[in-house]
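Please read it alongside the sequence and the structure shown here.

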Amino acid sequence: IYRMRSMTKPVTGTAVLMLVEDGKIALDDPVSRFLPSFDNERSQSVTVHQLLTHTSGLGDHGREDIGLKQDDHDYASLRQLVDEIGAIGPRNSPGSYHYSDSGSATLGAIVEQVSGMPVERYIEQRILSPLGMDNTYTAYEPGVDWSDRVNSTYVMRQESCEFDRYWNHSMEQDANYFQASGGLYSTITDYAKFHAVWMKHGEDEVLPLSPGLVRQALEPETERGNSRGYGMHWDIFATGDQDKIPAAFGHGGSDGTIALAIPGMDALVLFFTQSRDSSSRTWLFAEFARLALFGNVFPRNPRAEELDSQWQSIRADGAEDSQPVAEDLTRYVGTYAHPRFEHEIVYEASGLAYSFSDPPGLAPMFSVSQGVFVGKHPCHGFKFRVTFDSNDTGGVTGYSFEVSMGWQLS
């Protein structure tokens, strides 16, 4: 049994969509219709649809990012947390994509308000039980009869790229309430059942979702780059040719789990670890699975061999001597925005370095030519190339990040 973390989000989203199907919620309803704490100047424009697509502008998670008075785990109930989220209001511009645990928490509170029962009870009765997900749970405490089946979870150390166990089944869970953004415990087989019913696009009556609503939920509504989008609490891997090759959809969790569904191929791919702060491994796994299943629809970066060759040449020539002294490297220092995450370039030991957050660490960047640098992830080992575009006055006007296995982020 695994701690599913953010793979709880599609389940919470499904609960909301079932209430939409029942006519009790409309996608364009303001959240303030259900939660009075959102009935203020800051939050009154936030809608259910924005919460489902992470476009509400609400902060992600944690005390500082949301602006909470205390850590989110310390609240007595989900509703108490969400009431403060509503009082604080959006932290980012509504309408643009900002991944948001607090938005998912708010969806859970809406389910509670509309259904008249705790969101975890609704999920158990309307989703887990009908699907036969008998090994999926919404709460944990040491000593429950399934406790010895729960995996320990690990976090990667920056210094050695090795894992330390940070939680085991003798410890309490993080929060006293069900975290609608990440509180499920489940197995590979159970989560495959959940994906399988979604792959049937509403043609299975086990979950009362119409084909039209299912298709709408699986349409990418926001762009995350690299042929990825986000639907209604689903990560969408679009293909560019929906008539010939179906879209893939799924989600990942921060403790190292990921699932990918490809309906037209009747294929499910699930990869579960409990390795926190190594989400790039599961992200790369999703890319590899997608490449393998779709073939040349997502071809390998045609310049990947060139990148490999550049890296080998730099290492052979001696990395310490590869930085051109004539170029002002400090002009490249800064944070570069991307819909999925931010890229941070720092100046370290008389040279540039890429600052990774997964796990935290620096990767030295070595010059190939003016504005072009290569490096290697300190823990995961993939090689990458950073290319800066500059104007006539030397100002940086563009940025791209490529890795040797084939994807590119600009």
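The model is predicted. Its largest nonpolar core has 64 residues, and a search of the whole structure finds 18 aromatic pairs. The structure also holds 11 salt bridges.

**Nonpolar cores**

- In the largest core, of 64 residues, the residues with the most contacts inside it are Leu 17, Ile 127, Phe 194 and Trp 198.
- At least two residues of this core come from each of helix H1 (9-21), helix H2 (48-53), helix H4 (78-88), helix H5 (101-115), helix H6 (119-128), helix H7 (188-199), helix H8 (211-217) and strand S9 (257-262).
- Helix H1 gives the most to this core, with 7 residues.
- Leaving aside residues up to four places away in sequence, Leu 17 touches Leu 27, Leu 52, Trp 198, Leu 209, Leu 213, Ala 217 and Met 232.
- A second, separate core has 17 residues, including Ile 345, Leu 352, Met 365 and Val 386.

**Aromatic pairs and rings**

- The whole structure contains 18 aromatic pairs.
- The ring centres of Tyr 332 and Phe 388 are 4.4 Å apart and the ring planes are at 25°, so this pair is stacked.
- Tyr 332 lies in the loop between helix H10 (304-317) and strand S12 (334-336), while Phe 388 lies in strand S18 (residues 383-390); the pair links distant parts of the chain, 56 residues apart.
- Tyr 332 and Phe 388 are both buried.
- Phe 388 also pairs with Tyr 336: the ring centres are 5.6 Å apart and the planes are at 55°, so this pair is tilted.
- Tyr 336 is buried, as is Phe 388.
- Elsewhere, Tyr 137, Tyr 140, Trp 146, Trp 167 and Tyr 185 are linked by ring pairs into a cluster.
- Trp 167, a member of that cluster, has Arg 3 over its face, at 4.1 Å from the ring centre.

- In strand S17 (residues 372-376), 4 of the 5 residues are buried, so S17 is largely enclosed by the rest of the structure.
- Strand S16 (residues 366-369) and S17 run antiparallel and are joined by 3 bridges.
- Phe 366 stands opposite Val 374 in S17, and Ser 367 has Phe 373 in S17 as its bridge partner.
- The hairpin of S16 and S17 has 2 residues between the strands, and Gly 371 there takes a positive phi near 80°.
- S17 also pairs with S18, in the antiparallel sense and over 5 bridges.
- Lys 376 has Lys 383 in S18 as its bridge partner.
- The hairpin of S17 and S18 has 6 residues between the strands, and Gly 381 in its turn has a positive phi of about 90°.

**Salt bridges**

- The total for the structure is 11 salt bridges.
- Arg 5 forms a salt bridge with Asp 255, with the closest N and O atoms 2.9 Å apart.
- Arg 5 is in the loop between strand S1 (2-3) and H1, and Asp 255 is in the loop between strand S8 (248-253) and S9, so the pair ties together parts that are 250 residues apart in sequence.
- Arg 5 and Asp 255 are both buried.
- Both residues belong to a network of salt bridges that links Arg 3, Arg 5, Asp 174, Asp 255 and Arg 276.
- Lys 9 is in helix H1 and Asp 101 in helix H5, so placed that the pair links distant parts of the chain, 92 residues apart.
- Lys 9 and Asp 101 are both buried.
- Asp 190 and Lys 193 meet through their side chains in a salt bridge of 3.8 Å, N to O.
- Asp 190 and Lys 193 are 3 residues apart in helix H7, so about one helical turn separates them.
- Asp 190 is buried, with a relative accessible area of 2%, whereas Lys 193 is partly exposed, with a relative accessible area of 34%.

Notes: Residues are numbered from 1 along each chain as its sequence is written. This is a predicted model: local features need pLDDT of at least 70, side-chain atom pairs count only at pLDDT 80 or more; totals for chains, interfaces and linings use all residues. Side-chain values use heavy atoms; hydrogens and water are left out. A nonpolar core is a set of buried Ala, Val, Leu, Ile, Met, Phe, Trp, Tyr and Cys residues joined through side-chain atoms within 4.5 Å. Buried means under 20% relative accessible area, exposed over 50%, partly exposed in between (1.4 Å probe, protein chains only). Contact means heavy atoms within 4.5 Å. Rings of Phe, Tyr and Trp (its six-membered ring) pair if their centres lie within 6.5 Å; planes under 30 degrees apart count as stacked, over 60 as edge-to-face and the rest as tilted. A charge sits over a ring if NZ of Lys or CZ of Arg is within 6 Å of the ring centre and within 35 degrees of the ring normal. Two strands pair if DSSP finds at least two bridges between them. A salt bridge is a side-chain nitrogen of Lys or Arg within 4 Å of a carboxyl oxygen of Asp or Glu.
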